[in-house]
Amino acid sequence: MPAPRVYKAEGIVLKGRELGEADRIVTLLTPQYGKLRAVAKGVRKPRSRLAGNLEPLTHVAVLVAHGQSLDIISQAQTLEAFRPLREDLWRLSCGLYLAELVERFTVEGAEGHPVYQLLLETLTRLALATREELLLRSFEIELLDHLGFRPELGQCIACRRALEPVENFFSPGGGGMACPGCRYKVGLTRPVTVEALKVLRLLQRRDATTLARLRLRRALAAEVELLLREYIAYILEHDVQSTVFLDRLRREAAAPPAGGRPAAPTG
Amino acid sequence: MAADYVPAPEPVARLIEAFNRLPGIGPKTAARLTYHILRAPAEEARALTEAVLAVKERLRYCSLCQNITEHDPCRFCQDPQRDSSAICVVEEPLDVLALERTRGFKGLYHVLHGVIDPMDGIGPDELKIRELLARLRDGRVKEVVLATNPNLEGEATAMYLHKLLAPLGVKVTRLARGLPAGGDVEYADEVTLARALEGRREM
């Protein structure tokens, strides 16, 4: 039997890249086909029927036709547009960060069910949520789990002994914690406070009740964030670009650029 | 690149390769253009050369609105007939032409030369935002119209600018979003339709 000429898929739009005059290559994360890149023709024309359905961070059902090199999206229908997320710059930027992480970590053609489910749930919560920062951290930890990069947080990766409640060390290269005695055996490390390690373990256990009660001091939240960011950059061998804008929004929220002055140009 | 293997005299190969670098032009089209020029009269080739050079040598950015122009300030910024209390902020110079065709806007423009795109590492510093703030400093501008594209990056840029401009006491407006002329309600996506509904007008 010849392969059918079209197939249906459900997905979350991760990004779009302009192609030629009016087309766009859209990257979707689908449960069945993992990351899927397909051409949406004519989406940059105002009367396109596809356009509004294929913006990044849209949960969409698509009908795709097999193409010569890339497949072609022939129909698209929004399942969920996450409007509250789209209308708030901070939450939108958080959403784009999630999309970039997924886009960088996933490959085309491999089944993507767990990551798809995770992204869908996280975007849904982000559209409602107030505690975006913790949501991002949970997402990072769970994503690492699904992709086989679960960091070892219970015992020392070198001597295998349980970690003492003192300052320990995280080794991105070793994929976990090292005790003070082993810190120089496991490549480059960064110190981790007892509190930060506790938070990381809670996140890894997905202990929702305790997490819901958790109130992180700014410095502690930053420590956890930077540790995960460094680990992720190590695995990807690349920085996650959208963190730059997240950092900037946070900085400007703390100290708004003064009236009429340029927005804090740094370095 | 395919042009490397063209068995043609060096000047021909060089022109093919130059055309091939242009957007939307593959090796076949590049070769066709090259042979067209080869057969065309010398004046045509000279006119093309001069036109290309003029774009690079005679054009610059307007020091006020950042649009491309031959004279600085550009003809919009110099025109006393235009309303200097309103500035319309657009992504690209081509957007200015599109808005001018409507004949509906009499104010001045400001070209950002891009949009905020966090995933590609394009932030506010890469756009002409500092130059926009400088134009608002003397308080003569009363309204800023945000006319970035109604897509995710355009909306993010508009929201960012709104956040930045609101404390300055200037009125910030956004182009309306709704159904395209000649469109069809049935085929509109949910976000467009919801916004068209929110922005409905009494007749």
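Me: Angles under 35 degrees count as roughly parallel, over 145 as roughly antiparallel, 65 to 115 as roughly perpendicular and the rest as oblique. So are α3(A) and α4(A) roughly parallel or roughly antiparallel to each other?

Reply: Quick heads-up: this is a predicted model, where local features need pLDDT of at least 70, side-chain atom pairs count only at pLDDT 80 or more, and totals for chains, interfaces and linings use all residues. Residues are numbered from 1 along each chain as its sequence is written, while chains are lettered from A and ligands numbered from 1 in the order in which they are written. Helix α3 (residues 113-128) and helix α4 (residues 132-146) of chain A pack at about 175° with their axes 10 Å apart, axes being lines fitted to C-alpha atoms over the stretch in contact, and angles running from 0 to 180 degrees between N-to-C directions. That angle therefore makes α3(A) and α4(A) roughly antiparallel.

Me: How many residues of the contact of α3(A) with α4(A) are nonpolar?

Reply: On the α3(A) side you'll find P114(A), V115(A) and L118(A), among others, and α4(A) brings residues including L135(A), F139(A) and H146(A). Ala, Val, Leu, Ile, Met, Phe, Trp, Tyr, Cys and Pro count as nonpolar, Asp, Glu, Lys and Arg as charged, and the others, Gly among them, as polar. Sorted that way, this contact has three charged residues, two polar ones, and a nonpolar count of seven.

Me: Is V102(A) buried or exposed?

Reply: V102(A) sits in helix α2 (residues 89-105) of chain A, a helix being a DSSP run (H or I) of at least four residues. Buried needs 20 or more other C-beta atoms within 10 Å, exposed 12 or fewer, and partly exposed is in between. Because V102(A) has 24 C-beta neighbours inside 10 Å, V102(A) counts as buried.

Me: How far apart in space are V102(A) and K35(A)?

Reply: In sequence, V102(A) and K35(A) are 67 residues apart. Their C-alpha to C-alpha distance in space is 9.0 Å.

Me: Which helix gives the most to the side of chain B that touches chain A?

Reply: 31 residues of chain B are in contact (C-beta atoms within 7 Å) with 30 residues of chain A. Helices α6 (129-136), α7 (152-165) and α8 (190-198) of chain B each supply at least two residues of that side. With seven residues, the one giving the most is α7(B).

Me: How far apart are the C-alpha centres of domain 1 and domain 2 of chain A?

Reply: An automatic or database assignment sets domain bounds. Chain A is divided into domain 1 (6-83) and domain 2 (130-243). The distance between their C-alpha centres is 35 Å.

Definitions and conventions. Contact = placed C-beta atoms within 7 Å.
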